[in-house]
Amino acid sequence: MAELTYSITEAARALGVSRHTMYNLIHQEGFPALSVGGRRLISRELLAAWVREKAGGQKESAQSATNTLSGKET
């Protein structure tokens, strides 16, 4: 089963940014981060949607968005 969330390190790697930048992003309003048991996690599906929104892209299906960030072809 595919993971629903990224850790900070995984999300930083997926976006191609540093962990420091990722920590700055998770404090921005509208960024898809959540707290679970004291950990900060980032929704894979919502991160893809956030990237599309910031890039001015069209809305896609949740599965397509997840595949885009995970490097899978649809």
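What share of the 74 residues in the protein is buried? Buried residues make up 31% of them. Keep in mind that this is a predicted model, with a mean pLDDT of 85 for the protein. There are 4 helices and 3 strands to look at, and along the sequence they come in the pattern β-α-α-β-β-α-α.

- In the protein, 76% of the residues reach a pLDDT of 70 or more.
- Among the elements, α1 has the highest mean pLDDT, at 97.
- The lowest mean belongs to helix α4 (residues 62-70), at 55.
- Where pLDDT is low, the predicted coordinates should not be read in detail.

**The sheet**

- The 3 strands make an open sheet, ordered β1-β3-β2, with antiparallel pairing.
- That leaves β1 and β2 as the edge strands, each of them pairing on one side only.
- On the β1 side, 2 bridges join β1 to β3, and the two run antiparallel.
- Tyr6 has Ile42 in β3 as its bridge partner.
- On the β2 side, β2 and strand β3 (residues 39-43) pair in the antiparallel sense over 4 bridges.
- Val36 sits opposite Arg39 of β3.
- β2 and β3 also form a hairpin, with 2 residues between them.
- In the turn of that hairpin, Gly37 has a positive phi of about 55 degrees.

- Leu34 is found in strand β2 (residues 33-36).
- Its relative accessibility is 35%, so Leu34 counts as partly exposed.
- Once residues up to four places away in sequence are set aside, Leu34 touches Arg39, Arg40, Leu41 and Ser43.
- Leu34 and Thr5 are 29 residues apart in sequence, yet their C-alpha atoms are 9.5 Å apart in space.
- Ser7 belongs to the loop between β1 (5-6) and α1.
- Is Ser7 buried or exposed? Ser7 counts as buried, because its relative accessibility is 16% and the cut-off for buried is under 20%.
- Leaving out neighbours within four places in sequence, Ser7 is in contact with Arg39, Leu41 and Ile42.

**The nonpolar core**

- The largest nonpolar core has 11 residues: Tyr6, Ile8, Ala11, Ala12, Met22, Leu25, Ile26, Phe31, Ile42, Leu47 and Trp50.
- Helices α1 (8-15), α2 (19-25) and α3 each put in at least two residues of this core.
- With 3 residues, α1 gives the most to it.
- As a general pattern, nonpolar side chains in soluble globular proteins tend to be buried together.
- Take Met22, one of the core residues: beyond its neighbours within four places in sequence, Met22 is in contact with Ile8, Ala11, Ala12, Leu15, Val17 and Phe31.

**Leu15, at the α1 end of things**

- Leu15 lies in helix α1.
- At 24% relative accessibility, Leu15 counts as partly exposed, because buried would need a value under 20%.
- Which residues does Leu15 contact, leaving aside its neighbours within four places in sequence? They are Met22, Leu25, Leu47 and Val51.
- The C-alpha atoms of Leu15 and Ala48 are separated by 9.6 Å, with the two 33 residues apart along the chain.

**Helix α3**

- Helix α3 (residues 44-55) has 12 residues, so at 1.5 Å a residue it should span 16 Å.
- Its end C-alpha atoms are 17 Å apart, which agrees with that span.
- Buried residues in α3 are Arg44, Leu47, Ala48, Trp50 and Arg52.
- An α-helix has 3.6 residues a turn, so residues three or four places apart point the same way.

**Whole-chain numbers**

- Of the contacts in the protein with a separation of 6 or more, 35% are between residues 24 or more positions apart.
- The accessible surface of the protein comes to about 5,200 Å².
- Carbon and sulfur atoms account for 50% of that surface.

Definitions and conventions. Residues numbered from 1 in each chain as written. Predicted model: local features only at pLDDT ≥ 70, side-chain atom pairs only at ≥ 80, totals over all residues. Heavy atoms only, no water. Expected span 1.5 Å × (residues − 1). Buried < 20%, exposed > 50% of the residue type's maximum accessible area, 1.4 Å probe, protein only. Contact = heavy atoms within 4.5 Å. Core = buried A, V, L, I, M, F, W, Y, C linked by side-chain atoms within 4.5 Å. Pairing = 2+ DSSP bridges. Areas by Shrake-Rupley, 256 points an atom, 1.4 Å probe, with all protein chains shown as cover. pLDDT = per-residue confidence, 0-100.
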